[in-house]
Structure formats: structure tokens, C-alpha cells
Amino acid sequence: MTDHRITFESLLTPGTSADHLWSTLPRELADLFRPRVAEAATDVFQEITRAIPVYDQPSLGRGVAHGVQQAIQQFVDRLADPEAPQEDRKALFRELGRRELMDGRNLDVLQSAYRIGARVAWRRISRTAERANVPINTLCLLAEAIFVYIDELSALSIEGYATAQAREAGSLERRRRRLLKLILAQPPSTMVAITTAAAAARWVVPSHVCAVALEPLSDGRRAPALFGNFLVDLESNAPCLIVSEADERHLAALADGLVGWRAAIGPTVQIASAARSLNWARDTLALVHRGILPDVAVTWCAEHLADLWLSRDPTLGERLAETALRPLAELPAPQRSRLSETLLAWLKSRGSVAEVAGLLDVHPQTVRNRMHQLARLFGERLANPDDRFEMEIALRAAGS
């Protein structure tokens, strides 16, 4: 997050400090301006609310009016005693910045109000000073003091806004993690609980979601660059995302933001079945680990549903392999592996020798030799659709 805080001294002209500026102004100026504080505050408030109607609302107007009154009063008090402590007085203007964030506005509106206030205040102060025959060099210093003072107030509001923003971000992140846990809870949470938590987390509840299982590729985890309004858990031992249907368009770019991570994207399901989507995604990562699926940055479960289905009961897959692939069982392991690979490629493609050779990246004559061996081992079963189906299932389940 960008740190908007700035030092007041950096706002002055080179070689001029705020303390020096205030110390050069005559103390009697405070007595000159103090009787006119209320009148000046009214003028400033009226001009601000005319130019910025949002501040004319009753709920905001009282706070703005109080802020204007205090700003002018504190300016006059500082003329009277530049050494007086300022920290307690600064709290009000930090609070104004915090309120802008809480009300959902950026700081541009408040900054405009400060600029308007400075112009109006300067017009009244300069007229009063001219009537009192204040020397021109003192007027110049007074003008600089006003605008340095406004910059100080602005910087305090920026500080209050940034501090509140940091707290809000941390609080929002915690609420979103809680929402993610509710969505994935087993047994499922009620929609009332999810909707209530989603409102607190500023997340629109969709009808459908998908889950993404994540796995760091090294011990040094680096947060992925995510572009959507995802619910994120990167802290647990099994990190994951929940993605609403409105944000699924961002999944296509997920690989670009997952440097140092591996991901599996579960099928899109109704929100009540989000835990099932995540389980499928985690099962898909397990198939990547076993070498059954390719080791790529992002794997889509929807493209491997048959492999997921076959992996649900490893014992049944082993039993099927015992019967469907029995002719290969007595072969030496290297030969069995080569022939299994060739048989699966042939079953998948049902293409020519040249096509199978291309899939396996071997010479066509090699494929012919292997297919002759398979024909001797399986005989007429290679021509039987039911037998071919069982062979393919068994080979896929075995990860050939």
C-alpha cells in the first residue's frame, strides 16, 4: 500500500521552517483576528458547502462546520503562541481523513474543501489586516503561514486516511478469510450465515463458484498476483481460493500471477457445493504428483474428469488392471511400460501407425513392432469395443 504521509516541513519553500515562519509573525495579530473567528468560519463553511454539496448534508455538515471553526481558531491561537503543543489539536484533522474513508470517498473532496477554505480565509484576513495597516512584508508572511497551515491540515487528514485504510484492509482480509471458511465448511453453512458474513466482507454472494487448490513450489512463499475479487487463504497448510462466477474470466490469466505456485481449478458448482469443488481440485493436484496428469502451472479439473473419476477408488482400478491387462503382467517392467504406453496411445487415437509414432515421439517401425507384440498378447480383444474400453480405463487409472 502506498504511504501517503508527508512531513509538514517538506511543504515549505527551501530554507524556511514552519517554526521560523510562525515565530516571525507579530503576536498582536492574534488579538486583531480573534474577534472575527466566528464570522470567518461562517463564510468559509458557506463557500465550502456551496462548492461541495455533499458537505451540506446534515450528517456531514455539523462535522465540517466544527472542523472549519477549529481550524480558524487554532490558526489564531498559533499566532498568539507558536510554541504551544499541537498534538491534541491535530487529532481532529486526522479524524476528518478517517471519516472520508468510512464514508466511501477519496481524499480529493476534502482536499478541495481545504483549498476553498484557504482562499476564503485569506480574503477575510487580508482585508482585516489592510484596514489595520499591517505592513506589506507581514502580509506576505501571513499569506505563506495560511497556506503552510492548510498544507499541514491536509497532511494530517492524509495520515488519518492512510492509517484507517491500513486498519480497514487488515480487518477486511480477516473477514474474507472467515467468509471463505464458512463457504467451505462441512456440513455446509446456512445461506443466512454466508450472506451476513459476505456483507461484512464486501463480497457479493454469487449463485455459483469454483475453488482453486494452491501449492507452493518452494519453502519461500511469494504471494501470487491475483486480479479478481477472489476469497484467498494463503496462510493455511492447504492454501486455496474461492472464485465467484463473475470473476471466472480472471482465471485464464491465473498462471501469469502464480510464479512459484502450482494450481488446480475445480469445476464450477453451486455455492453450497464449494467444498466439493475444492476436493476435486486437491485430488487433481494429487494426480499431478503421481505423474498421471502433466506437471503444469495450472490444471483445469474440467479437462480431466475421467481421470478424477478413475482415481476415486484405487483398489477398483487395480482390480480392473489385473483382468484387463493380464497379458502384460508377466513381462519385464521396462517392456511392460513401453507396451502399456503404446497401447494407451493407440486406444486414445485409434489412428495410424504414423499418428501413434508422433504421439510417442518414436519411429513408426518401433510402433509397428510394439503393435505386433500387443496383437500376439491380446489377440481378438484388441478388436472388441468392450475390451478396448476396459483396457483404456485400466491404463488411465494406472497412469500409463
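Predicted model: local features only at pLDDT ≥ 70, side-chain atom pairs only at ≥ 80, totals over all residues.
The largest nonpolar core comprises 47 residues, and Ile 48, Phe 75 and Leu 79 have the most contacts inside it. Two or more residues are given to this core by each of α1 (18–24), α2 (28–33), α3 (37–51), α4 (58–80), α5 (87–102), α6 and α7. The greatest contribution is that of α7, with 12 residues. When residues up to four places away in sequence are not counted, Ile 48 touches Tyr 55, Val 64, Val 68, Ala 113, Ile 116 and Gly 117. Another core, of 28 residues, lies apart from this one, and among its members are Leu 180, Ile 242, Ala 281 and Ile 292. In soluble globular proteins, nonpolar side chains tend to be buried together.

Strand β4, spanning residues 261–265, is mostly covered, with five of its five residues buried. The burial extends to both faces of β4: Trp 261, Ala 263 and Ile 265 are buried on one side, and Arg 262 and Ala 264 are buried on the other. Two pairings involve this strand. With β1 (residues 208–216), β4 pairs in the antiparallel sense over five bridges. With β6 (residues 298–300), β4 pairs in the parallel sense over three bridges. Ala 264 takes part in both pairings: Ala 264 is the bridge partner in β4 of Ala 213, and Thr 299 is the bridge partner of Ala 264 in β6.

Val 356, Ala 357 and Leu 360 are buried in α14. Seen down the helix axis, the buried residues of α14 fall within an arc of 100 degrees and therefore line one face of the helix. An α-helix has 3.6 residues a turn, so residues three or four places apart point the same way. The buried residues of α14 pack against α13 (333–349) and α15. On the other side of the helix, Ala 354, Gly 358 and Leu 359 are exposed.

The residue that follows α14 is Asp 361, whose phi is positive, near 60 degrees. Asn 133 is found in the loop between α6 (108–131) and α7. Its relative accessibility is 67%, so Asn 133 counts as exposed. Most residues other than glycine have a negative phi, and most peptide bonds are trans.

A further backbone feature concerns the peptide bond from Gln 186 to Pro 187, which is cis, with omega near 0 degrees. Pro 187 lies in the loop between α7 (136–184) and α8 (191–200).

Technical notes:
Residues numbered from 1 in each chain as written. Heavy atoms only, no water. Buried < 20%, exposed > 50% of the residue type's maximum accessible area, 1.4 Å probe, protein only. Helix = DSSP H or I, 4+ residues; strand = E, 2+ residues; numbered from the N terminus. Pairing = 2+ DSSP bridges. Arc of directions from axis to C-beta. Contact = heavy atoms within 4.5 Å. Core = buried A, V, L, I, M, F, W, Y, C linked by side-chain atoms within 4.5 Å.
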